[in-house]
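These are my notebook entries on a structure that was new to me. I record what I looked up, entry by entry.

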Amino acid sequence: MGTRSVTAALCISLFFAGGAAFCYARAEGLQAEGRWLMARGSAQASDFAQKLDGSSVDAQLKTFKERRVVMEQAHRWQRGMLLGIMAAVLSALSAYVLFLLKRLDDQLLDATGELRRPQEASSLPAPALTPSVQR
């Protein structure tokens, strides 16, 4: 557990955050196209209300079908964005946990090093801890 694992987890987090940003950009573009198709369908509906022509109804239905397809794609990209955000947060959290584990490991190594130094300095063996017997 070294700095490589923390660095790898942070890189993975940045990768997922970039993927979420890309998904957001794609979803936003598709939603703008969906809004445009909705406005076009509304215009076709008002045209039908004025002319009562059957061809405008067919055009309006075709426009609404296109909008449905576009909005389904936008929702897929939004799901990808949410998954990317969740994965980025989880990998950032794991990077933090790995950092804390590395810090704990370093502290334990320092503590065991301090315990071994006094024993190495004395040439006498360490006294055994025996309970004293009192009568």
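**Entry 1: Gln60**

I looked up the contacts of Gln60 (heavy atoms within 4.5 Å). Leaving aside residues up to four places away in sequence, Gln60 touches Gly41, Gln44 and Ala45. I placed Gln60 in helix 2; helices here are DSSP runs of H or I with at least four residues, strands are runs of E with at least two, and both are numbered from the N terminus. Gln60 has a relative accessible area of 14% and is therefore buried. Buried means under 20% relative accessible area, exposed over 50%, and partly exposed in between, with a 1.4 Å probe and protein chains only.

**Entry 2: Basis of the model**

I note that the model is predicted: local features need pLDDT of at least 70, side-chain atom pairs count only at pLDDT 80 or more, and totals for chains, interfaces and linings use all residues. Residues are numbered from 1 along each chain as its sequence is written, and side-chain values use heavy atoms, with hydrogens and water left out.

**Entry 3: Helix 1**

I checked the span of helix 1, which has 49 residues. From first C-alpha to last, helix 1 reaches 71 Å, close to the 72 Å expected at 1.5 Å a residue; the expected span is 1.5 Å times one less than the number of residues. Among the buried residues of helix 1 are Val6, Ala9, Cys23, Leu30, Gly41 and Gln44. After helix 1 comes Leu52, with a positive phi near 50°.

**Entry 4: Cys23**

I then turned to Cys23, which lies in helix 1. Why does Cys23 count as buried? Cys23 is buried because its relative accessibility is 11%. Its contacts, not counting residues up to four places away in sequence, are Trp77, Gly80 and Met81. Cys23 and Arg76 stand 53 residues apart in sequence, yet 9.0 Å apart in space, C-alpha to C-alpha.

**Entry 5: Aromatic pairs**

I searched the whole structure and found two aromatic pairs. Rings of Phe, Tyr and Trp (its six-membered ring) pair if their centres lie within 6.5 Å; planes under 30 degrees apart count as stacked, over 60 as edge-to-face and the rest as tilted. One of the pairs is Phe22 with Trp77, edge-to-face at 5.6 Å centre to centre and 80° between the planes. This pair links distant parts of the chain, Phe22 in helix 1 (residues 3–51) and Trp77 in helix 2, 55 residues apart. Trp77 has 27% relative accessibility and so counts as partly exposed.
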